[in-house]
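Open the model in your viewer and keep the selection tool at hand.

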Amino acid sequence: MWDPAKYLDYADLRGRPFYDLIGRIDAAEPRRVVDLGCGPGNLTVTLASRWPGAKLEALDSSPEMVEAARAAGLDARVADVREWSPEPDTDVVVTNAVLQWVPEHRSLLRRWVGELPSGAWFAMQVPGNMDSPSHTLVREVAARPEWSARVGGLRGVEAVDSPAEYAELFADAGCSVDAWETTYVQRLSGPDAVLEWITGTALRPVRAALDDDEWQRFRAELAPLLNEAYPPRADGTTWFPFRRVFAVVRV
């Protein structure tokens with residue numbers, strides 16, 4: 001279950017890759033703009049501001065996120081991105097921090113760009129930090145005997161590809177592609193800062209698998225490991241390097 005309030009705790013930091021992504025889309029007057037995985041809608045509403053003449057299509061697999069997006073004024077719906085296909089007038093598709101949850105997303109990318117009309121834009125962004133301590137330590141704790149039967153199957157570095165691999169995929173599909181990566185060195189604040197950050201994202205499958213008492217015990221095991229890997233500064237803030245992978249495609 002997604003918690004929109006927890007996800008929005010770091011709304012400014014989480015939003016920065018989104019703006020860097022859509023800044024590379026050079027669509028003037030798209031007919032339909034789609035956000036695959038709209039989350040609570042705080043970023044999706046900016047697509048409506050940029051392209052006010054477009055029909056905006058927003059979907060997410062989480063009913064909680066869709067409820068929040070509707071509260072933000074979007075006509076969002078609950079849907080699985082794996083079952084989505086573009087309407088004939090779809091000129092822009094954005095998917096932001098979603099496809100790392102979809103193991104078969106590479107085949108979806110090929111299908112989607114094959115179904116989009118000529119000249120359409122497709123823009124994707126995924127986290128590229130699956131081999132950083134914020135994720136490897138979660139998998140390490142999840143593999144311990146107490147937890148492995150419940151949450152031991154978390155995905156690792158195979159969840160996403162490199163920018164070059166995505167560039168190759170889209171080029172082979174006949175598209176023009178701009179692919180890159182950025183590491184944001186984010187300054188988090190408060191106790192257990194990295195733990196709180198990943199609670200809204202990477203730890204979601206763990207939280208869903210555990211009851212409240214188990215969840216608190218898991219957090220208690222993980223917190224000191226994260227604090228050692230990401231030591232807080234004397235002023236109480238913590239530096240958190242956060243790598244992201246981007247691709248913007250012209251069909």
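Start with the largest nonpolar core of this predicted model. The core holds 29 residues. To find the ones with the most contacts inside it, select Leu 36, Leu 109, Trp 112, Phe 122, Met 124, Tyr 166 and Phe 170.

Next, colour the elements that give two or more residues to this core: β1 (32-36), α5 (105-115), β5 (121-127), α8 (163-172) and β7 (237-250). Of these, α5 gives the most, with four residues.

Now select Phe 122 and show its surroundings. Leaving aside residues up to four places away in sequence, Phe 122 touches Val 93, Thr 95, Leu 109, Trp 112, Leu 116, Phe 170, Ala 247, Val 248 and Val 249.

Go back to α8. Which residues of α8 are buried? Select Pro 163, Tyr 166, Leu 169 and Phe 170. Turn the view to look down the axis of α8: the buried residues fall within an arc of 125 degrees, so they line one face of the helix. An α-helix has 3.6 residues a turn, so residues three or four places apart point the same way.

On the other side of α8, select Ala 164 and Asp 172, which are exposed. Then return to the buried residues of α8 and show what covers them, including α5, β5, β6 (176-189) and β7.

End at Gly 174, which follows α8. The phi of Gly 174 is positive, near 90 degrees.

Definitions and conventions. Residues numbered from 1 in each chain as written. Predicted model: local features only at pLDDT ≥ 70, side-chain atom pairs only at ≥ 80, totals over all residues. Heavy atoms only, no water. Core = buried A, V, L, I, M, F, W, Y, C linked by side-chain atoms within 4.5 Å. Buried < 20%, exposed > 50% of the residue type's maximum accessible area, 1.4 Å probe, protein only. Contact = heavy atoms within 4.5 Å. Arc of directions from axis to C-beta.
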